[in-house]
Amino acid sequence: MALSAEPTVATTSSGMHLPLVALPQTTLLSVNEHDIPTLRDVAGPGVHIKPLRIDVEAGCMVALVTFSPGSEVPLHYHTGIAEVYTLSGSWHYKEYPDQLQTAGSYLYEPAASVHTLTCPESNVEDTVMLVRVEGAQINFTDDGQLHSILDAAVIRHIVPALAEAQGVGPVNYIGGGAADFTSPEN
């Protein structure tokens, strides 16, 4: 196949020329957390989420997570990376009690990390975090048995069920791509 001497010039909606490799974006993918209802007790008592992006194909989830004082997520293992930016309140891992995370803290968790997230009962406010997780979070019981698996597919499945059960209406978040064939013959 010969390349054309006159490449097609793509532009933005405002008429700006795009580099040859850029994909024109037809819709700005943006949500406002104020328009997303809080889903209560999603990962345990006092652990509430507002999903911002759930991409099953990429295995990625981004959410605002709110922890009530004294709440925790059980011992868990990450199959991919997790990133946590603390917006308010404080928390720590039981395994690292002297490394308190407070408003402004950014935490990077490498894949295969294991820990137990807890919010001190002494907190005077909720703890709010922006959380980005790739892969699955494998949760365990106190005696080391499998408790549950949370990943983008599970979260996407339970969000509408929780919204209906809690009477909060539909939840609008940014989804993932849609895998498909590039050739119509398939």
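**View 1. Strand β2, residues 60-67, is mostly covered, with 8 of its 8 residues buried.** Buried here means under 20% relative accessible area, against over 50% for exposed and partly exposed in between (1.4 Å probe, protein chains only). Strands are DSSP runs of E with at least two residues, numbered from the N terminus. Look at either face of β2 and you'll find cover: Cys-60, Val-62, Leu-64 and Thr-66 are buried on one side, and Met-61, Ala-63, Val-65 and Phe-67 are buried on the other. This is a predicted model, where local features need pLDDT of at least 70, side-chain atom pairs count only at pLDDT 80 or more, and totals for chains, interfaces and linings use all residues. Residues are numbered from 1 along each chain as its sequence is written, and side-chain values use heavy atoms, leaving out hydrogens and water.

**View 2. β2 pairs in the antiparallel sense with β1 (residues 47-55) over 8 bridges.** Two strands pair if DSSP finds at least two bridges between them. Leu-64 of β2 is the bridge partner of Lys-50. The β1-β2 hairpin has 4 residues between its strands, and Gly-59 takes a positive phi near 65 degrees there.

**View 3. β2 also pairs with β9, again antiparallel and over 8 bridges.** Here Thr-66 has Val-128 of β9 as its bridge partner.

**View 4. Asn-123 sits in the loop between β8 (114-118) and β9 (127-134).** Asn-123 is buried, at a relative accessible area of 13%. Leaving aside residues up to four places away in sequence, Asn-123 touches Pro-69 and Ser-90, where contact means heavy atoms within 4.5 Å.
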